Amino acid sequence: MLHPTSARSAVLPAACPCPRCDLLVGLNGVHVEHVDRCDGLLVVTVSSSPAPTGCPGCGVVAIGRGRRRRVLHDVPGITRVRIVWRQRVFRCGDADCARKTFVEQIPSLVGARGSITTRAIAWAIGQLRREHATIAGLARQLGTSWKTVWRAVEPELIKLAEDESRFEGVTILGIDEHVWHHVDPRKRGPKELTGMVDLTRDSSGKTRARLLDLVPGRSGKAYAGWLGERGDAFRKQVKIAALDPFAGYKTAIEDTLDDAVAVLDAFHVVKLGTAAVDEVRRRVQQDTLGHRGRKGDPLYGVQTILRAGAENLTDKQRSRLAKAIEAHPAHEEVFVAWQCAQQLRSAYHQKDLAEGRRIAEQVLESFHTCPIPEIARLGRTLRRWRDAFLAYFTTGRSSNGGTEAVNGIIELHRRLARGYRNRHNYRLRMLLAASGLTP
């Protein structure tokens, strides 16, 4: 029952004209008639003041035909809140009007056919954006169903996603892909989604990454197609494009972003160096012992040490590394590969960008001639990406780090939702969570 009577009920004068009642619950355009609290539910009965109303069809002053009760879900507090709106019903005074009867509308209170108040929708969007909430959790708090909440929230998110102003001022663009589902692509479409991220720095030089869009597929075609849809104004304002070492993305940048400088992500470059050391270690392990690494094998025991930065090693770790290298003459090859990876890594750790670039140029000139095949292959790869590799040192340390941070937010929200089945809903939710709907 929506209006239980109890000793705790607070009764106010019907249609109270003073603004105090409006401020009491923060509802614009209506007056509070009375408030009832019982069994963990707060019921606020409201109505609008009587006033002449014109027919929306013909404009003739309508005739009042009483009121009807409309129950709305409102922002919950300590208890759930229900708004009972005594909505006015009218009949058109023109006999020739096809409208006949209609009801009053107060957009500031609720949508035309909605059951969740406007401010509750704004609250729900805020919870999804800032508090890592889920639709199911919000539905429990509002005392309604998942579909009811999403049908109220979705139109607002679509409206924000279609606002082209959110693409303004993007001067640094990042790109990366992730897997959004693990079922048959024939049922749910491509598993991979390519994400475009705004990495533009603020006035203090800090990057505040935000997701701009998610498009299906992992290819240069998907990236180039999205860039083409943005228009010339957007493409001309992008000056730096950070990317992973994937040729498809680089081709898209060269074909569509004429004024942008492609920058190879520092994390992935260092990862390539670490992967080369791992490959050398596994090959030497197999050549010397005839099997892959096992507990007690010298190289197997230092595999994590070989992946760490030299400056982070303790004396004990250095001693273990030296002991493993000295265990067999062939292990010297692993040590040389590790030193090469450390040299590559040191280029990004120099405080002086000029010194970092000098080290990077040394890497480009020497690695491809190394007798260790894995290091030589790494050197050839870096030479193919020479301009993008060196651009890190001329663009103020631009990288794809903010893009990886956005991917972390995406992973969190996908886990909270226990996965998604609808890519449209997934895109809207991730844009909201990763600040993509905020200009």
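These are my notebook entries on a few spots I looked up in this predicted model.

**Ground rules.** I number residues from 1 along each chain as its sequence is written, and side-chain values use heavy atoms, with hydrogens and water left out. Because the model is predicted, local features need pLDDT of at least 70 and side-chain atom pairs count only at pLDDT 80 or more, while totals for chains, interfaces and linings use all residues.

**Entry 1: the cores.** I began with the largest nonpolar core, which has 99 residues. Such a core is a set of buried Ala, Val, Leu, Ile, Met, Phe, Trp, Tyr and Cys residues joined through side-chain atoms within 4.5 Å; buried means under 20% relative accessible area, exposed over 50%, and partly exposed in between, with a 1.4 Å probe and protein chains only. Leu173, Leu211, Tyr223, Trp226 and Phe389 have the most contacts inside this core. Its largest share, 8 residues, comes from helix H12 (residues 332-348). I also noted a second, separate core of 14 residues that includes Val35, Leu72, Val81 and Trp85. Helices (H or I, at least four residues) and strands (E, at least two) are DSSP runs, numbered from the N terminus.

**Entry 2: around Phe167.** I then turned to the rings, and found 14 aromatic pairs in the structure. Rings of Phe, Tyr and Trp (its six-membered ring) pair if their centres lie within 6.5 Å; planes under 30 degrees apart count as stacked, over 60 as edge-to-face and the rest as tilted. Phe167 and Trp226 have ring centres 6.1 Å apart and planes at 70°, so I logged the pair as edge-to-face. Phe167 lies in the loop between helix H4 (146-161) and strand S7 (172-179), and Trp226 in helix H6 (residues 220-230), so the pair ties together parts that are 59 residues apart in sequence. Phe167 also pairs edge-to-face with Phe234, at 6.1 Å centre to centre and 85° between the planes. Phe234 is in helix H7 (residues 232-237), so this pair links parts 67 residues apart in sequence. Phe167 and Phe234 are both buried, and so is Trp226. Arg230 lies over the face of Phe167, 4.4 Å from the ring centre (a charge sits over a ring if NZ of Lys or CZ of Arg is within 6 Å of the ring centre and within 35 degrees of the ring normal).

**Entry 3: Thr395.** Is Thr395 buried or exposed? At 12% relative accessibility, Thr395 counts as buried. I placed Thr395 in the loop between helix H15 (386-390) and helix H16 (401-416). Leaving out residues up to four places away in sequence, Thr395 touches Arg201, Ile240, Val261 and Val263 (contact means heavy atoms within 4.5 Å). The side chain of Thr395 also reaches the backbone oxygen of Ala391 at 2.8 Å.

**Entry 4: strands.** Two strands pair if DSSP finds at least two bridges between them. S7 and S8 pair in the antiparallel sense over 7 bridges, with Glu177 opposite Thr194 in S8. S8 (residues 192-198) is mostly covered, with 6 of its 7 residues buried. On to S9 (residues 210-216): 6 bridges join S8 to S9, and they run antiparallel, with Val197 opposite Leu211. Elsewhere, S3 (residues 41-47) and S5 (residues 80-91) run parallel, joined by 7 bridges. I found S4 (residues 63-74) paired with S5 in the antiparallel sense over 10 bridges, and a hairpin joins S4 to S5 through 5 residues.

How values were computed
Polar contact = N/O pair within 3.5 Å; in protein donor to acceptor, adjacent residues only side chain to side chain.
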